[in-house]
Amino acid sequence: HNIKFKKVWFYAMLYSPVILYRCLVYKSYKKETYCFNFKGFCKSYGMYKEASKMLKIINPKFVIVSNYQSYTSRSFYKAAKELGIKTVFLQHATAVECDPQLDFDYAFLDGIEAYEKLTARKKSLSKIFLSGNPRFDFFPVISNVKEDFILGIAINILDDEKFVKNFILECKNEIPELQIVLRPHPTTNLQYWKKKCEDWGCLFSNSSTENPFEFITRCSFFIAGDSSFHLDVAIADKLSFYYNFTSQKSLDLYSYIKNNLIIDISYDAFKYLKTIKKEDEKYKNSRTKYYVANYETQFWQKSAYLIAKTLIK
């Protein structure tokens, strides 16, 4: 809350010629990256200077970040390293194979899947613990199966509106008794999607006020594309399916399909959905523990406690 954003922007403008130069001289992927996120690269200079100043005043024992790709997190990480402050990484979401090398003093990962993925191509420089994730600590108790049969659809910026619309309208036509709730990612234009839900005759989940676990509680089963939301559903012992809402080939970013956490129903969705019964609402997924180490152990929903105790000791 004490970050002076005017100073961040001052240094961003001061160093912008450096980033502009890189946009001009770099090639291929690097060039695209710098051009696509020009402002973020510029602001990293100002955020780094602010982080250095703040950490010198606070002098903390640890700097903990949960996203090591944003310019804010990287700036605080770099400042902490240079000031000799211990750095800690808490996994933000399911890991992907192109994630950066683990180079924190300590890294707390969700489970074996993340460990294997993050150490397969790059040697880890961190002391690694498999702790589960604190975001699962406050998962509500799932109530009994409701009378209504409700399909929850979670979408994000990777998904194409045309494909989402066509799927919902065809679903209402093929399975008219099925209620549909659409949940756009909080980084999207929620008011826009709320209006679309009204146009398409489906319910709307406001992701800025309804957390994902509340959404999961009120729906029977789920469909999403490339989204870590599938793991949230598995944690809740419910069914989730992959559907490709794009014209591109399925990315399977998180390897959920590859690792048999979910199945892809993009090509025969309605044939498959018609076979689902109310009894299928409670579903125990045997692959969940591969992703979340403390699932169904004595430390289930105590991940924050486990991490804190480990750091203290």
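This is a predicted model: local features need pLDDT of at least 70, side-chain atom pairs count only at pLDDT 80 or more; totals for chains, interfaces and linings use all residues.
View 1. Is Y21 buried or exposed? With a relative accessible area of 54%, Y21 is exposed, because the cut-off for that word is over 50%.

**View 2. Helix α1 meets helix α2.** Two packed helices are described by the angle between their axes and the distance between the axes. Here α1 packs with α2 (residues 28-36) at an angle of about 145 degrees, and their axes are 8 Å apart. The crossing of α1 past α2 is left-handed. So who touches whom? On the α1 side look for I19, R22, C23 and L24, and on the α2 side for K31, Y34 and C35.

**View 3. N260 and its positive phi.** N260 isn't a glycine, yet its phi is positive, at about 65 degrees. Most residues other than glycine have a negative phi. N260 lies in the loop between β9 (239-242) and α10 (269-273), and counts as exposed at 57% relative accessibility.

**View 4. Q301, with another positive phi.** Q301 is also a residue other than glycine, and its phi is near 65 degrees, a positive value. Look for Q301 in the loop between α11 (288-291) and α12 (303-312). At 31% relative accessibility, Q301 counts as partly exposed, because that label covers values between the 20% and 50% cut-offs.

How values were computed
Residues are numbered from 1 along each chain as its sequence is written. Side-chain values use heavy atoms; hydrogens and water are left out. Buried means under 20% relative accessible area, exposed over 50%, partly exposed in between (1.4 Å probe, protein chains only). Axes are lines fitted to C-alpha atoms, for helices over the stretch in contact, and angles run from 0 to 180 degrees between N-to-C directions. Helices (H or I, at least four residues) and strands (E, at least two) are DSSP runs, numbered from the N terminus. A crossing is left-handed if the near helix is turned anticlockwise from the far one by less than a right angle, and right-handed if clockwise. Contact means heavy atoms within 4.5 Å.
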